[in-house]
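Please look at the sequence and the structure before reading on.

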Amino acid sequence: MNATALTATKAWSRLELLAQTIGAQHIRDLFNVDAHRPAAFTCEAVGIRLDLSRQRITSTVVEALYDLANERGLAEARDAMFAGEHINNTENRAVLHAALRLPRHATLEVDGHDVVPDIHEVLDRMAELVTSVRSGAWTGATGAPIRTIVNIGIGGSDLGPVMAYEALRHYATHDLNFHFVSNVDGTDIAEVLKAIDPLETLFIVASKTFSTQETMMNAQSARDALLASLPSPDAGAVAKHFVAVSTNAQRVSDFGIDTNNMFGFWDWVGGRYSMDSAIGLSTMFAIGSDAFRMLLDGFHAMDEHFKSAPLAENLPVLMGLVGLWNRSLLGIETVAVLPYDQYLKRFPAYLQQLIMESNGKSVTKDGQSVGVHTGAVYWGEPGTNGQHSFYQLLHQGTSTIAADVLVVAQSHNKLGAHHDVLVSNALGQANVLAFGRSVEQLVAHNVPAELVAHKTMPGNRPTTVIAVKTVDPFTLGALVALYEHMVFVQGVIWGINPFDQWGVELGKEMATSIAPFLTSDDELDGFDTATQESIRWYRKNR
Ligand code: F6P
């Protein structure tokens, strides 16, 4: 990457000026000047229609953003990622989640070794397991068929599987029940254990490292529950009810899981980029291996688009640059993700980890301060539920919050007028967020004078409308890959490493050092006084 500081680039100075002029204009005025903005700022690829017309941009801004991308070496950085260079510099790793969705006939050398056969070997073994369980050939310790799948994992080993299961429920088998356990809070696993029969359950322990505290505790509790439910002791029971998804064979075997039932992936797949690796085993159980391949094909189609489409038609590039304009030049801190599709209800939670764990950084790859605001806060809820909750603040609060509104043309559940009403809400909200209601409009509508201030909607909330035909496996893959590459684009421009997560480590260390003090009377001198008091309170009340 170009070593020049971001703020020292020519394009940056130009963008700073544009932020004060065009960025300060109202979206309403931008449309008054040019009613053809939707044609100019809408792009379609891989079944996704990206409409950026309700953003505070003009073609001059977009051109300057392209210049910035070029000055920051975006194309070279992208090619380096796809070529398997060790762009995750703080962990000295390649970043190759895109390899996970390569077709069987492709080749890709990573550190001198073609990884595509390895990837497909794992996919094939996953498919065999899925067929064996779904057909009833695989039975549990008492000979009972498997009726329930419980995925135990956290972060990237949970959020992708949960999101994909919910998003693709329409395609899921009804012969299996699915549960997802992540929190170290015992309530999470306890409530699942109350609802299932361990003797008819296959537990997937999903952990890249197989050392994550939450996952290992939950896996142990699940194992205890299985052993307690056995009619008689059976040394082979764990192997019949537990499979693992991990990069760490030794730890898997130490846990008692047969490594023949371990599905591997590689250190060049980050946790939050792993839902299309073996971490997606629960997804494959739900939708079957053919539909899982379609999911991978959707990811791959977006990878190819990102690699080859010119900047002006490149969806991840456009979304990444406009997001960066909002965050670093217009100072907009957060983006609400508003899916108008119930199946996408966990998509905001999934994006939170993908985007915030990736770009929540303040130093560049070489340890210098970035010097501008980076990663936006992403959050959200499905469509109309959010409208009756937090949209008030979106519309009339004092902060400007950008929005990604996701619209789906065809519902899987055609039920009277439900879907038309849903879409009318999505488009209505996008309209109000962007254009608002001016005093003049209210007066023209005879709104009583004393209510005009209360009913005025400032609008000017930068709003992206992302539309897809339907939520199917292919489209979901393409949508996730769109956001993955958007994150990458922004990381390159900011000069940060989106693929490490040092910020989460210290909290884990602190928790480990506090744990023994909660249940002992040991002196607390090593802790700050606030922590000491909290520990004392807990000791008294536990
Ligand atoms: O939260 C930190 C993190 O390392 C995430 O990046 C990762 O997805 C999660 O923990 C779970 O890690 P593992 O899959 O190794 O259990």
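Which element gives the most to the lining of the largest cavity? Helix 14 does, with six residues.

## Basis of the report

This is a predicted model, in which local features need pLDDT of at least 70 and side-chain atom pairs count only at pLDDT 80 or more, while totals for chains, interfaces and linings use all residues. Residues are numbered from 1 along each chain as its sequence is written, and side-chain values use heavy atoms, with hydrogens and water left out.

## The largest cavity

Rolling a probe the size of a water molecule over the atoms shows where empty space is left. On a 1 Å grid over the protein atoms alone, a cavity is a set of points where a 1.4 Å probe fits but cannot get out, and lining residues have an atom within 4 Å of a point. Grid points are joined across faces, edges and corners, and a volume is the space filled by probe spheres set on the points. The whole structure holds three cavities of 30 Å³ or more.

The volume of the largest cavity is about 180 Å³. Its lining has 20 residues, and those nearest its centre are Val 322, Gly 323, Asn 326, Val 335 and Tyr 378. Two or more lining residues come from each of helix 14 (315–329), strand 12 (402–408) and helix 21 (473–494). Helices (H or I, at least four residues) and strands (E, at least two) are DSSP runs, numbered from the N terminus. By class, the lining has 13 nonpolar, five polar and two charged residues. Here Ala, Val, Leu, Ile, Met, Phe, Trp, Tyr, Cys and Pro count as nonpolar, Asp, Glu, Lys and Arg as charged, and the others, Gly among them, as polar.

## The second largest cavity

The second largest cavity contains about 40 Å³ of space. Among the residues that line it are Leu 100, Ile 119, Trp 266 and Asp 276. Seven residues of this lining are nonpolar, one is polar and one is charged.

## The ligand and its surroundings

Around the ligand are 15 residues, of which Gly 156, Ser 157, Ser 207, Thr 209 and Thr 212 come nearest; a residue counts if one of its heavy atoms lies within 4 Å of the ligand. This shell has two nonpolar, nine polar and four charged residues.

Oxygen atoms of the ligand lie 2.7 Å from a polar backbone atom of Gly 156, 2.6 Å from an N or O atom in the side chain of Ser 207 and 2.6 Å from a polar side-chain atom of Thr 209. Of the 390 Å² of accessible area that the ligand has on its own, the protein covers 87%; such areas come from the Shrake-Rupley method with a 1.4 Å probe.

How values were computed:
On a 1 Å grid over the protein atoms alone, a cavity is a set of points where a 1.4 Å probe fits but cannot get out, and a pocket is an open set with protein on both sides within 12 Å along at least five of seven lines; lining residues have an atom within 4 Å of a point. A polar contact is a pair of N or O atoms within 3.5 Å; within protein, one must be able to donate a hydrogen and the other to accept it, and residues adjacent in sequence count only if both atoms are side-chain atoms.
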